[in-house]
Amino acid sequence: DKLIELDDQGLLTKIPRDDEGSLSSVGSIGHTRSDCTPCAYWYKGICKYGLTCLYCHFVHDGQRVLRLRPSKKTRMRIRKREEAAAAAAAA
């Protein structure tokens, strides 16, 4: 579905391939011209957009793993779980 849409837009042939020959992402099109922004999620191996991601899926000079902060909702859920575990251990 997405591949057909990208092909209709003429983008599919412009997407560069990685070392294994797989298509990278739409955001990687400007990589050879250094006209791209690296995808922090791809670098950590968790990009959910894959081929349609608007960020570059190639390693950049000086790129390092960024600490991705969980959402407030997730942080609250983790805190509640930890508090419940501590209360159960104390009882």
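Where in the chain does Arg64 lie? I located Arg64 in the loop between H2 and H3. Helices here are DSSP runs of H or I with at least four residues, strands are runs of E with at least two, and both are numbered from the N terminus.

**Entry 1: basis.** I noted that this is a predicted model, in which local features need pLDDT of at least 70, side-chain atom pairs count only at pLDDT 80 or more, and totals for chains, interfaces and linings use all residues. Residues are numbered from 1 along each chain as its sequence is written, and side-chain values use heavy atoms, with hydrogens and water left out.

**Entry 2: confidence.** I looked up pLDDT, the predictor's confidence in each residue, from 0 to 100. The protein chain averages 89, and 97% of the residues score at least 70. Confidence is lowest in helix H2 (residues 40-43), with a mean of 85, and highest in helix H3 (residues 72-90), with 95.

**Entry 3: fold and extent.** I recorded 3 helices and 0 strands in the protein chain, in the order α-α-α from the N terminus. The radius of gyration is 19 Å, well over the 12 Å that the globule rule gives for 91 residues, so the chain is more spread out than a compact globule. That radius is taken over C-alpha atoms, and the rule is 2.2 Å times the number of residues to the power 0.38. Along the principal axes, the C-alpha atoms fill a box of roughly 65 × 35 × 25 Å.

Entry 4: Buried means under 20% relative accessible area, exposed over 50%, and partly exposed in between (1.4 Å probe, protein chains only). The chain exposes about 7300 Å², of which carbon and sulfur atoms supply 52%; the areas come from the Shrake-Rupley method with a 1.4 Å probe, and for residues only the protein chains shown count as cover. Of the contacts (heavy atoms within 4.5 Å) with a separation of 6 or more, 47% are between residues 24 or more positions apart.

**Entry 5: charges.** I checked the 16 positive and 11 negative charges, whose mean positions are 15 Å apart. Lys and Arg count as positive and Asp and Glu as negative, while His and the chain ends are not counted. Each charge is placed at NZ of Lys, CZ of Arg, CG of Asp or CD of Glu.

**Entry 6: loop between H2 and H3.** I returned to Arg64, which is exposed, with a relative accessible area of 60%. Arg64 and Glu20 are 44 residues apart in sequence and 22 Å apart in space, C-alpha to C-alpha. Arg69 lies in the loop between H2 and H3 and is exposed at 58% relative accessible area. The C-alpha atoms of Arg69 and Asp19, 50 residues apart along the chain, are separated by 30 Å.

**Entry 7: loop between H1 and H2.** I placed Asp18 in this loop and noted that Asp18 is partly exposed, with a relative accessible area of 25%. Asp18 and Tyr55 are 37 residues apart in sequence and 14 Å apart in space, C-alpha to C-alpha. Ser34 lies in the loop between helix H1 (2-8) and H2 and is exposed, at 67% relative accessible area. Phi of Ser34 is near 55 degrees, a positive value in a residue other than glycine. Most residues other than glycine have a negative phi.
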